[in-house]
Amino acid sequence: MNPTSLFGLPDQTAHERVLLATDPATGLQAILAVHSTARGPAFGGCRLWHYDSDLHALNDALRLSQGMSLKNALADLPFGGGKAVILKPPGAFDRPALFAAFGRAVQSLGGAYITAEDVGTTTADMRGMQAVTPFVSGIPREGAFGGDPSPKTAWGVFVSIQAGARMVLGRSSLEGVRVALQGLGAVGWHLAEFLHAAGARLVVADVDADKVARAVVQFGATPAHVAEILAAEVDVLAPCALGASLNEKTVPNIRARLIAGAANNQLATPTDGDALQARGICYLPDYLVNAGGIISVAREYRGEGEEGAVMAEVSRIAERVEELLQRVQTADSTPARVADDWARSKLVKPA
């Protein structure tokens, strides 16, 4: 799916700024999308990925940055929404040089955009960028809070599943609850650890067969094919791979009653959320449940981080899940549309 306009997504507010950055010496081709600075500087991670075309990369950057505006607003963070994607160069490339060039592009925005890890990028990449820009977070710091935000993202999804299980499934605990995990990357693996410790029964799929084999041994998980995981016979579906997995082809086959995962932009279109609701499936919007990572890097960036306090703040995502489901009960709408309206109402400068 490509954008119908270079200036923004259909039915969404226009982006404030989109920067196309290139550096022939390193092979850098990057898109830095600043959706909104209404609440403060745009904050969102940087993705390194192979895209089928430049337009696919642009669409991903626009969708991700718009989602960050909603995510940061709903989490009550003093930041707007932005995101960057780097088109992965073909063949071998000098990774430190590539990220130094990307850091210079971030620096050129003068603080309008702050970056951090996302799919395909690491804490080492972020640390390397520090030499050229201060507008970066998600970096291990000696004697201070910081570093890889993926465990915080996973914890937010976990407490959301707990809240959803109580309110949607009527389960007081996750003991024996069947959860399908699509994707066992950094966040997906941490989520599997949390779910296993809580007694959930896991069904897992990943393009990396070794990760699946490890999950079978470590968690007693049932393996599934990547093409079949979304239709697994489970109570909860947790999409933790790439976006748009919930679409007109997959929604009719989903058997879970609750969906809560870490992947960004899980719905291909808003109507896919309507279709889930029509089938009696409760979809917890991704930008609500996966906000733990941005909470972590935001607190680190502001120098406010401390492990216990940040974990407590991430845990409060469960309270917002409960509030959303209560709002849905009194609204003639879906969780996705109610959450969108709720988040947009917060897209103003914090008091």
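1. The structure holds one cavity of 30 Å³ or more. A cavity here is a set of points, on a 1 Å grid over the protein atoms alone, where a 1.4 Å probe fits but cannot get out; lining residues have an atom within 4 Å of a point. The model is predicted: local features need pLDDT of at least 70 and side-chain atom pairs count only at pLDDT 80 or more, while totals for chains, interfaces and linings use all residues. Residues are numbered from 1 along each chain as its sequence is written, and side-chain values use heavy atoms, with hydrogens and water left out.

2. The largest cavity has a volume of about 40 Å³, a volume being the space filled by probe spheres set on grid points that are joined across faces, edges and corners. Its lining consists of Gly 273, Leu 276, Gln 277, Ile 281, Cys 282, Tyr 283, Thr 334, Pro 335 and Ala 336. Two or more of these residues come from each of helix 7 (270–278), strand 12 (282–283) and helix 12 (335–344). Helix 7 gives the most, with three residues. Helices (H or I, at least four residues) and strands (E, at least two) are DSSP runs, numbered from the N terminus.

3. The largest pocket (an open set of points with protein on both sides within 12 Å along at least five of seven lines) has a volume of about 970 Å³. It is lined by 44 residues, of which Asp 118, Val 119, Ala 186, Val 187 and Cys 240 are the closest to its centre. Strand 4, helix 1 (54–74), helix 4 (150–169), helix 5 (186–197) and helix 9 (292–301) each give two or more residues to this lining. The residues lining the largest pocket comprise 20 nonpolar, 15 polar and nine charged.

4. Asp 118 also takes part in salt bridges, defined as a side-chain nitrogen of Lys or Arg within 4 Å of a carboxyl oxygen of Asp or Glu. Its side chain meets that of Arg 47 at 2.7 Å, N to O. Arg 47 lies in strand 4 (residues 46–49) and Asp 118 in the loop between strand 6 (113–114) and helix 3 (123–129), so this pair ties together parts 71 residues apart in sequence.

5. A salt bridge also joins Lys 83 and Asp 118, at 3.0 Å, N to O. Since Lys 83 lies in strand 5 (residues 80–87), this pair ties together parts 35 residues apart in sequence. Arg 47, Asp 60, Lys 83 and Asp 118 are linked in a network of salt bridges.

6. The salt bridges number 17. Among them is that of Arg 255 and Glu 233, at 3.5 Å, N to O. Glu 233 is exposed, at 54% relative accessibility.

7. Helix 11 (residues 317–329) has buried residues at Ile 317, Ala 318, Arg 320, Val 321, Leu 324, Leu 325 and Val 328. Seen down the helix axis, they fall within an arc of 160°, so they line one face of helix 11; the arc is that of the directions from the axis to the C-beta atoms.

Key. Buried means under 20% relative accessible area, exposed over 50%, partly exposed in between (1.4 Å probe, protein chains only). Ala, Val, Leu, Ile, Met, Phe, Trp, Tyr, Cys and Pro count as nonpolar, Asp, Glu, Lys and Arg as charged, and the others, Gly among them, as polar.
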